[in-house]
Amino acid sequence: MTHEELEDAVPLYAVGALERTERQVLEAHLLSGCLACHASLKEHQSVAVLLPFSLTLTQPPRAIKAKIMAARTPAAAAESVTQPPNKPSLEPGEWMNHLFPPDEPSPASLFTWVTGVVLLALLAGGGYFAWDSYTRIAEDTTKLAQLQTELDRTRSALAERDRSLTASREDIQRRTSDVAALKDQLIQREAELDDAQAQLALRGGPPLRAPQDELGLLLRTPDVKAIPMAGTTMAKPAAGMLLFDARTKKAWLYAVNLPACPDGATYQVWAVYEKPVSVGLFCVNNGDTSHLFVTPLPNFKNAKQFIVSLEPVGGRSELSGPVYLSSQLP
Ligand SMILES: [Zn+2]
């Protein structure tokens with residue numbers, strides 16, 4: 001604006017009819033200290049104060065009023081109310097108020113305020129987010145711990161079952177192998193038994209199966225001497241066979257049809273040298289038709305005769321009872 005334009009604007013300023021931009025330019029000019037414009041403003045203001053009283057009030061057309069109201073912002077309207085155009089004076093402080101209207105917050109303070117609000121919102125939001133996250137993490141951690149505990153429990157239960165199953169399996173395997181071992185042992189024992197029986201039969205040991213079979217085996221063995229024995233008048237159907245195995249120095253007396261021993265009595269075998277010498281005792285039970293008696297007999301070859309007598313239980317040192325079997329004298 002030229003100075004002339006500024007001078008022309010002063011009366012409009014005095015009645016508050018300038019637009020904001022023009023008003024601010026004029027105010028800046030007045031602040032710069034132009035005495036002419038200052039004097040002109042004072043003059044016009046003194047007149048402007050009186051203007052309302054000299055005017056006759058007329059009702060403006062409604063359309064114009066509406067147009068004016070629409071053109072003005074609510075802030076401007078408020079400003080016009082708080083700042084009437086008929087200011088009595090224009091002190092420097094008020095000029096500053098014109099330049100920096102106090103009812104309008106400065107962009108800087110507005111920015112600060114907005115920033116503060118935003119920061120507060122951010123802080124609140126961040127705090128909520130942190131709290132929410134912390135709560136969720138805590139919940140998740142608790143759930144995870146519970147799941148972990150459950151998993152551990154299930155795992156240990158499974159391990160326990162697995163151990164139990166393994167133990168059962170091992171037990172079954174052990175028992176199976178035990179049975180197999182026992183079976184093997186049994187087979188081996190049977191084989192050993194067969195072998196031992198065969199050996200015994202060959203050597204002239206006691207019979208483990210049918211005495212006849214053992215006796216038959218013994219009879220076929222070399223170095224076995226056989227001495228027949230006959231029943232005396234005490235037992236005519238009785239008979240016997242005394243076998244001597246030279247390798248084992250054992251005598252085998254196989255007796256048949258001897259009567260069962262009465263109570264308190266026993267059969268006693270004698271080898272007769274100069275006189276009868278006891279070789280051993282045996283008993284025949286009721287129902288037995290045969291009996292095999294085996295005894296060591298180192299001095300077989302010097303014996304002249306063999307005798308079986310019936311003696312009291314425990315036997316006697318000398319032949320005293322009735323004779324039942326006797327070898328034929330040579
Ligand atoms: Zn001027």
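## A residue in the core

Phe306 touches Ile227, Met229, Leu242, Trp270, Ala271, Leu297, Phe300, Leu325, Ser326 and Ser327, leaving out residues up to four places away in sequence, where contact means heavy atoms within 4.5 Å. This is a predicted model, in which local features need pLDDT of at least 70 and side-chain atom pairs count only at pLDDT 80 or more, while totals for chains, interfaces and linings use all residues. Residues are numbered from 1 along each chain as its sequence is written, and side-chain values use heavy atoms, with hydrogens and water left out.

## The chain as a whole

The secondary structure comes to 8 helices and 8 strands; helices (H or I, at least four residues) and strands (E, at least two) are DSSP runs, numbered from the N terminus. Of the 330 residues in the chain, 25% are buried, and here buried means under 20% relative accessible area, exposed over 50%, and partly exposed in between, with a 1.4 Å probe and protein chains only. Among contacts between residues at least 6 apart in sequence, 57% join residues at least 24 apart.

In soluble globular proteins, nonpolar side chains tend to be buried together. A nonpolar core is a set of buried Ala, Val, Leu, Ile, Met, Phe, Trp, Tyr and Cys residues joined through side-chain atoms within 4.5 Å. The largest one has 27 residues, and those with the most contacts inside it are Leu253, Leu258, Tyr267, Phe282, Leu297, Phe306 and Val308. Two or more residues of this core come from each of β2 (239–245), β3 (250–256), β4 (265–272), β5 (276–282), β7 (305–312) and β8 (323–327), and β4 gives the most, with 4 residues. A second, separate core of 11 residues includes Leu6, Ala9, Ala14 and Leu30.

## The cavity

A search of the whole structure finds 1 cavity of 30 Å³ or more. On a 1 Å grid over the protein atoms alone, a cavity is a set of points where a 1.4 Å probe fits but cannot get out, and lining residues have an atom within 4 Å of a point. The largest cavity has a volume of about 40 Å³, the volume being the space filled by probe spheres set on the points, which are joined across faces, edges and corners. Among the residues that line this cavity are Leu242, Trp252, Val279, Leu297 and Phe306. The elements that give two or more residues to the lining are β3 and β6 (290–296), and β3 gives the most, with 3 residues.

## The zinc site

The zinc ion is coordinated by His3 (NE2), His29 (NE2), Cys34 (SG) and Cys37 (SG), at 2.0 to 2.3 Å; donors are N, O and S atoms within 2.8 Å of the metal (3.2 Å for Na, K and Ca), and sites may look incomplete because water is not among the atoms. The 4 donor atoms subtend angles of 100 to 123° around the ion, so the arrangement is tetrahedral, a term used for four donors if all angles lie between 85 and 135 degrees. Along the sequence, the donor residues are spaced H-x25-H-x4-C-x2-C. His29 counts as buried because its relative accessibility is 15%, and Cys37 counts as buried at 1%.

## Two residues to look at

Asn257, in the loop between β3 and β4, has a positive phi of about 60° although it is not a glycine, and Asn257 is partly exposed, with a relative accessible area of 39%.

Pro312 is found in strand β7 and is partly exposed, with a relative accessible area of 30%. The C-alpha atoms of Pro312 and Ala265 are separated by 4.3 Å, although these residues are 47 residues apart along the chain. Apart from neighbours within four places in sequence, Pro312 is in contact with Gly264, Ala265 and Thr266.

Conventions:
Four donors count as tetrahedral if all angles lie between 85 and 135 degrees; four count as square planar and six as octahedral if opposite donors are over 155 degrees apart and all others between 65 and 115; anything else is irregular. On a 1 Å grid over the protein atoms alone, a cavity is a set of points where a 1.4 Å probe fits but cannot get out, and a pocket is an open set with protein on both sides within 12 Å along at least five of seven lines; lining residues have an atom within 4 Å of a point.
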